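Please look over the sheets and the chain contact in the structure below. A short briefing follows.

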Amino acid sequence: MEMDMSVYLGAFLDEVDEQLQILEEEVLVLEQDGENQETIQKIFRAAHTLKGSSAAMGMTTMKELTHKVENVFDAIRNQQLKVNTQIINLIFDSIDTIKLFKEAILEGTVDSVDVSQLIEKLEACKNSATAGEPTAKTDVKQEEKTSSDEIIFPEVIFDEYQKDMVEKAFEMKMNVIAVYVALNPNAMLKSVRAFLINNNLKEIGEILASFPSTEVIEDEEKFEGSLVYIVVTDSKNHEVLSTINSISDIKSVHLSEIKPENLESFTKGKKVGIVEQKPPQAPPPAPKKDAKLKVQQTVRVDVERLEYLLNLVGELVISQTRLKDVGNRLSERYPNESIIEDFHEVDNQLGQIVSELHEGMMKTRMLPIEQLFNRFPRMVRDLAQTAGKEVNFIIEGKETELDRNLIDEIGDPIIHLLRNALDHGIESPAEREKKGKSPQGTVILKAAHKENHIVITISDDGNGIDTEKLKQSAIKKQQITPAEAERMSEKDILFLIFKSGVSTAAKVTEISGRGVGMDIVRTHIEKLNGLIDIETKQGEGTTFTIKLPLTLAIIRSLLVKLGDKQFAVPLVNVQEIIRLGKHEIKTIQNQEVGIVRDQVLPLVRLHKRFNASEDQINKSKRLLVVIVGLAEKRIGLVIDQTLGNQEIVIKPLGKYMGSPKYIAGATIMGDGKVALILDVASIVLEEGVKDSIPYNQSLATNQHEKVIGVTSFYLGEEEYGIEIDKVKDIITVPSISPIINSPYSIIGMSNFRGKLISVMDLRKRLGLPIQPLTRKSRIIIVEINNELLGLLVDRVTQVLKVDENKMEEAPNYESLVEQEYIQGMYHFDDRLMILLNINRIIEIDTLLQLNQKINSEQEAVR
Amino acid sequence: MKEFDKDQLFGQYVVFAIEKQLCALSIKEVVEIIRIQPITEVVNDRDYINGVINLRGSIIPVVQLRMRYKLPIVPFNKKTRIIIIRNEDEGIGLIVDEVLMVTHIEDEQLEPPLEMFNTIEKDCFKGFAKVNDQLVGILNLQKVLYPEEVKEG
């Protein structure tokens with residue numbers, strides 16, 4: 001028996017997790033919304049399931065505990081007991097104990113968990129209920145007495161609800177069958193068998209009712225071994241029979257169909273008398289719904305296996321790009337060879353499959369953040385209770401999906417930030433009332449996707465951060481000198497909070513105040529290549545914003561050139577790309593800095609470090625600088641050239657290579673060459689802001705200004721921009737094959753990562769004179785409603801961030817382009833950029849038609 | 001490594017040249033031999049690790065054996081090869097001037113290191129053998145890859 005059970009241990013533990021989750025959630029709901037039949041039913045059921053499965057696994061103590069919990073909720077359900085804080089806390093204690101059990105099971109120390117006290121308390125709690133008449137049980141007992149050797153089935157009596165359900169089933173032309181099952185009188189574990197029968201029947205249909213009631217069946221002592229299920233099913237009678245006969249120790253099964261004609265016989269009899277006496281006995285309607293919901297088909301897979309597969313897909317992506325490259329070279333060499341056409345076709349097809357495979361694999365690693373967020377309501381409640389605060393905790397964007405590794409990693413930082421919000425942010429109810437706020441504070445935890453990143457915000461409407469106090473604390477801890485403090489901006493001071501040992505808390509509490517938490521938060525976020533920003537307003541509240549890459553294995557990156565060497569900079573770290581003139585570069589305390597919008601930005605030249613030639617940048621009049629950030633720090637990397645955005649697969653350099661300074665890994669480019677990925681974290685930390693330099697620039701997204709990213713490019717002399725979230729990639733011009741009868745300004749189609757996309761000459765579309773392709777010509781791949789389109793432009797310059805509020809209305813300027821395509825303009829110091837309204841330029845219907853056409857042509861070729 | 005590990009030395013050897021010195025690695029240690037590839041330089045503390053190459057989608061570090069032995073660097077040519085070996089479950093490439101042959105070396109042909117080599121650190125060899133009247137040094141891979149640690153030990 002024990003041997004067999006170990007096989008189910010994993011499934012059992014999963015189930016325990018699942019049910020505990022439900023318990024926790026629902027008890028919180030119960031606490032907030034008060035008594036509500038549905039909630040109580042759910043709790044009752046969860047406790048019940050736990051009891052059942054722990055009994056089946058032979059975990060007697062756990063069974064006992066869950067049984068007591070179930071009893072308490074049974075009493076609540078039957079309105080013999082009122083929910084109060086004491087009960088809620090007791091239930092939470094029980095949940096925690098069950099969690100302990102789970103741990104103990106894993107460690108093999110189940111006996112060490114002591115539940116006697118808790119059980120006593122639960123017992124006492126239950127007994128405090130007005131001892132209501134035990135309902136169904138007595139009835140069954142009476143019947144039991146009559147059952148000697150002959151099988152006597154419990155009486156089948158429908159209440160109004162059940163009758164109603166049966167009638168509905170008739171309307172839907174479903175079979176309603178009464179299944180009479182008798183177990184061998186000397187069979188062991190009758191309840192478990194009944195449970196199995198129940199499960200098997202659930203698979204083929206819906207169980208409307210069981211007689212005796214589930215409670216009786218589950219009670220090994222009371223259950224006699226004969227039962228009747230009312231099942232609504234599509235299955236044939238023999239299928240029902242075989243389902244049940246697959247379970248051992250069944251003495252007899254017989255079916256009797258319930259028809260409209262004989263329905264009355266099931267509902268007559270003691271209907272009136274008994275049904276009214278025991279309304280709660282009726283199986284609640286909800287469990288059936290839930291049972292249906294749970295039938296989501298899933299397979300649990302070892303993460304390592306997924307990881308391995310994903311790796312293979314990465315390799316496949318690389319090989320495919322190379323294959324394409326080889327194909328192109330072949331066509332150049334043998335332009336008239338028709339077999340090469342076939343090659344391209346196969347390659348295209350392969351590319352399509354690979355990219356879909358890739359996408360699918362990525363999705364398997366993605367999980368809704370719900371998994372993590374669900375842990376917090378309970379925590380917030382407990383913390384609030386400990387701290388004596390009233391908090392309304394709101395979670396938004398639970399469904400946001402992100403890589404499972406990230407979910408594991410981001411938990412701690414969020415916990416710290418939530419603790420801070422509760423302990424330091426939200427004031428006590430009395431204090432709040434004094435300030436004219438509602439006594440109940442609000443904490444909002446929100447997750448959302450934004451431009452290929454996950455943005456998590458934690459905001460409270462509490463007291464805000466006292467920057468003055470922070471400054472004093474930092475000076476006291478000798479993190480900064482008073483003179484430095486003088487020069488620092490509000491934002492700089494705010495970021496002091498991330499330094500170890502700095503805290504504004506007057507006293508250290510159980511929850512927080514030691515000043516280490518924020519340091520941990522920062523380290524974690526840096527490790528994940530993320531950014532963090534704080535915004536606070538004295539007396540009004542604080543918002544922390546965490547920005548993370550979607551996944552750790554495949555990232556979007558900006559390709560840059562240092563000398564003749566290519567490097568990839570993770571896009572999540574890239575804030576902005578700017579050009580600095582000579583006059584904008586200064587040296588402060590031996591550190592080269594750039595002056596950007598009156599702010600000081602430390603500049604870092606890595607050419608020497610990477611053995612790259614500096615000739616190019618020494619020659620040019622203006623420096624091209626990528627502003628990169630890590631957590632709250634920003635520096636400017638001096639580069640020769642940007643090569644565009646690309647999704648890259650991160651590959652480790654391996655054990656032998658170790659971890660060279662400033663290199664995070666490597667990636668393989670389309671041409672098969674290896675490009676190194678810059679480790680922005682270490683560059684920023686080592687080369688970056690020396691504490692003595694006044695630095696007060698935060699480029700992180702700020703709520704007051706609506707910053708949008710724009711890819712800017714030139715058509716002739718005019719600079720244009722497209723919002724970056726529409727831009728999927730920027731590529732050099734590949735071979736473009738013409739499309740017959742193509743509409744508008746579509747010049748042909750091209751292969752983009754294995755997909756055929758149409759390419760539009762933006763000059764043609766905007767009515768500008770056509771020009772031949774040059775070396776600088778690029779294709780910007782845009783995505784509109786999931787459809788891709790390439791836009792041919794003269795050259796792409798940079799990615800910049802602009803404040804949407806500073807946008808000027810179009811009509812002020814004489815552009816060559818018609819007004820309707822212009823969304824707005826931006827003035828920079830010395831130039832003007834026209835932001836294009838891409839949705840006007842590309843009508844989605846046309847695009848759809850076009851893509852369909854391409855696809856059908858491709859089909860036809862196949 | 002102090003004594004002769006007969007088992008390991010037994011069998012087939014890949015013979016290659018660095019600065020005219022013939023060296024050999026047991027075929028068990030060699031995964032494959034490829035032509036010289038574009039190498040992406042990775043600046044790191046050990047200058048003999050030249051950089052990385054892309055070997056069918058895997059990033060493989062490459063060791064310049066000439067650099068390792070502080071020999072003059074010569075430009076790569078048609079004969080330059082990368083010998084891929086396996087170390088701690090990952091591939092490492094060794095850049096050699098030329099790969100000459102795969103040959104069978106019997107235990108009996110092996111002799112302990114001699115004192116006569118100056119071009120290449122002699123402690124990098126496990127032993128020597130005469131093949132076609134030429135002296136071939138059997139490389140001690142661990143010492144080639146990890147000079148610092150071995151010296152300390």
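Two strands pair if DSSP finds at least two bridges between them. Helices (H or I, at least four residues) and strands (E, at least two) are DSSP runs, numbered from the N terminus. The model is predicted: local features need pLDDT of at least 70, side-chain atom pairs count only at pLDDT 80 or more, and totals for chains, interfaces and linings use all residues. Residues are numbered from 1 along each chain as its sequence is written, with chains lettered from A and ligands numbered from 1 in the order in which they are written.

**Sheet in chain A**
- An open, mixed sheet of 5 strands runs β6-β8-β9-β11-β10 in chain A.
- Its edges are β6 (391–396) and β10 (531–537) of chain A, each pairing on one side only.
- From one strand to the next, the twist averages 10°.
- β10(A) pairs antiparallel with β11(A) (541–549) over 7 bridges, and A:Ile534 faces A:Phe544 there.

**Helices on that sheet**
- Angles run from 0 to 180 degrees between N-to-C directions, and axes are lines fitted to C-alpha atoms, for helices over the stretch in contact.
- Contact means C-beta atoms, placed from the backbone, within 7 Å.
- α17(A) (376–387) lies across β6 and β8 of chain A, at about 165° to β6(A).
- α18(A) (404–425) lies across β6, β8, β9 and β11 of chain A, at about 20° to β9(A).

**Sheet in chain B**
- Chain B has an open, mixed sheet of 6 strands, ordered β3-β7-β8-β6-β5-β4.
- β3 (30–35) and β4 (40–41) of chain B each have a single partner strand, so one side of each lacks a neighbour in the sheet.
- 2 bridges join β4(B) to the antiparallel β5(B) (49–55); B:Glu41 stands opposite B:Gly51.

**Chain contact**
- The contact takes 21 residues from chain A and 18 from chain B.
- α14, β21 and β22 of chain A each supply at least two residues of the chain A side.

Key. Two residues are in contact if their C-beta atoms, placed from the backbone, lie within 7 Å.
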